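User: I would like to go through the side-chain pairings and the sheet of this model with you. Could we begin with the aromatic residues?
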Amino acid sequence: MDEIINKVANSVLEVFDLEDYYPKEVRTQIDISQWLYEGFLLKEKDFREALKNHDWSQYQNHYVAVNCSTDAIIPAWASILVTLHVAPFAKKVISGDLANLESAIYQDLLEKIDYSVYKNKPVIIKGCSKKPVPESAYVLAAQHLHPFAKSIMYGEACSAVPLFKSKM
């Protein structure tokens, strides 16, 4: 009987797994509507007082998304004011929902990676993940890898979809 050889393990294929960069910090969404009268009307004095009395320390080292879940029309300064209160405690604050937050987190993380280690190598961007990696992170990773990789594939080594092959 012939010996079974794991060709994937023996290949020069580099796996780029976005889960490896997934930060463990808590993600929190702050809904401005909690400080609006009946969830819709911003009364400036009451709003400012509520923010002043809120325990912002509970967001220590959190990634925070600030938004309003109701159809309230709120002035731009309201989100800015909430941000100024939470920023000294939070790791990052964005305007938007949790999906926007994940994209922003990955945008920051992916810009800090040294992609030159993938120079002239075939790279597979691992597709299946157990963590909530946003699609935008895969798009950004491909853009960053493109100038360096010999080829880029997506998926798993056993069933990868080719996306790019260098002409050199």
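User: Which residues do ring pairs link into a cluster?
Analyst: This is a predicted model. In it, ring pairs join Trp35, Phe47, Trp56, Tyr59 and Trp77 into a cluster.

User: And how many aromatic pairs does the count come to?
Analyst: The count comes to nine aromatic pairs. One of them is formed by phenylalanine 47 and tryptophan 77, which is edge-to-face because the ring centres are 6.0 Å apart and the planes stand at 75°.

User: Where do phenylalanine 47 and tryptophan 77 lie?
Analyst: Phenylalanine 47 belongs to helix H2 (residues 44-53) and tryptophan 77 to helix H3, so the pair ties together parts 30 residues apart in sequence.

User: Is phenylalanine 47 buried or exposed?
Analyst: Phenylalanine 47 is buried, with a relative accessibility of 0%. Tryptophan 77, by contrast, is partly exposed, at 31% relative accessible area.

User: What about tyrosine 138 and tyrosine 154, what kind of aromatic pair do they form?
Analyst: Tyrosine 138 and tyrosine 154 form an edge-to-face pair, with 5.8 Å from centre to centre and 85° between the planes. The pair links distant parts of the chain, with tyrosine 138 in helix H5 (residues 135-145) and tyrosine 154 in strand S6 (residues 151-155), 16 residues apart. Tyrosine 138 counts as buried at 12% relative accessibility, while tyrosine 154 is partly exposed at 33%.

User: Changing topic to charges. How many salt bridges does a search of the whole structure find?
Analyst: The search finds seven salt bridges. Among them is the one between glutamate 25 and lysine 91, whose closest N and O atoms are 3.6 Å apart.

User: Which parts does the pair of glutamate 25 and lysine 91 tie together?
Analyst: Glutamate 25 is in the loop between strand S1 (14-16) and strand S2 (27-31), and lysine 91 is in the loop between helix H3 (76-86) and strand S4 (92-95), so the pair ties together parts that are 66 residues apart in sequence. Glutamate 25 is partly exposed, at 26% relative accessible area, and lysine 91 is also partly exposed, at 48%.

User: With which residue does glutamate 102 form a salt bridge?
Analyst: Glutamate 102 forms a salt bridge with arginine 27, and the closest N and O atoms are 2.5 Å apart. That pair links distant parts of the chain, glutamate 102 being in helix H4 (residues 98-111) and arginine 27 in strand S2, 75 residues apart.

User: Are glutamate 102 and arginine 27 buried or exposed?
Analyst: Both glutamate 102 and arginine 27 are buried. Arginine 27 also lies over the face of tyrosine 22, at 4.3 Å from the ring centre.

User: Over which ring does the charged end of lysine 43 sit?
Analyst: The charged end of lysine 43 sits over the ring of tyrosine 37, 4.2 Å from its centre.

User: And which side chain does lysine 92 meet in a salt bridge?
Analyst: Lysine 92 meets aspartate 108, at 2.7 Å from N to O. Lysine 92 is partly exposed at 21% relative accessibility, as is aspartate 108 at 29%.

User: Now the sheet. In what order do the three strands come?
Analyst: The three strands form an open sheet in the order S2-S3-S4, with parallel pairing. S2 and S4 are the edge strands, each pairing on one side only. Neighbouring strands are turned by 25° against each other on average, direction ignored.

User: Over how many bridges do S2 and S3 pair?
Analyst: S2 and strand S3 (residues 63-67) pair in the parallel sense over five bridges. Aspartate 31 stands opposite asparagine 67 in S3.

User: Which strands does H3 lie across?
Analyst: H3 lies across S2, S3 and S4 and runs at about 160° to S3. H4 lies across S2, S3 and S4 as well, running at about 135° to S2.

User: Finally, where does serine 33 lie?
Analyst: Serine 33 is in the loop between S2 and H2 and counts as buried at 11% relative accessibility. Apart from its neighbours within four places in sequence, serine 33 is in contact with Gly39, Cys68, Ser69 and Thr70.

Note on methods: Residues numbered from 1 in each chain as written. Predicted model: local features only at pLDDT ≥ 70, side-chain atom pairs only at ≥ 80, totals over all residues. Heavy atoms only, no water. Salt bridge = Lys/Arg side-chain N within 4 Å of Asp/Glu carboxyl O. Helix = DSSP H or I, 4+ residues; strand = E, 2+ residues; numbered from the N terminus. Buried < 20%, exposed > 50% of the residue type's maximum accessible area, 1.4 Å probe, protein only. Phe/Tyr/Trp six-rings, centres within 6.5 Å; stacked < 30°, edge-to-face > 60°. Lys NZ or Arg CZ within 6 Å of the ring centre and 35° of its normal. Pairing = 2+ DSSP bridges. Axes fitted to C-alpha atoms, helices over the stretch in contact; angles between N-to-C directions. Contact = heavy atoms within 4.5 Å.
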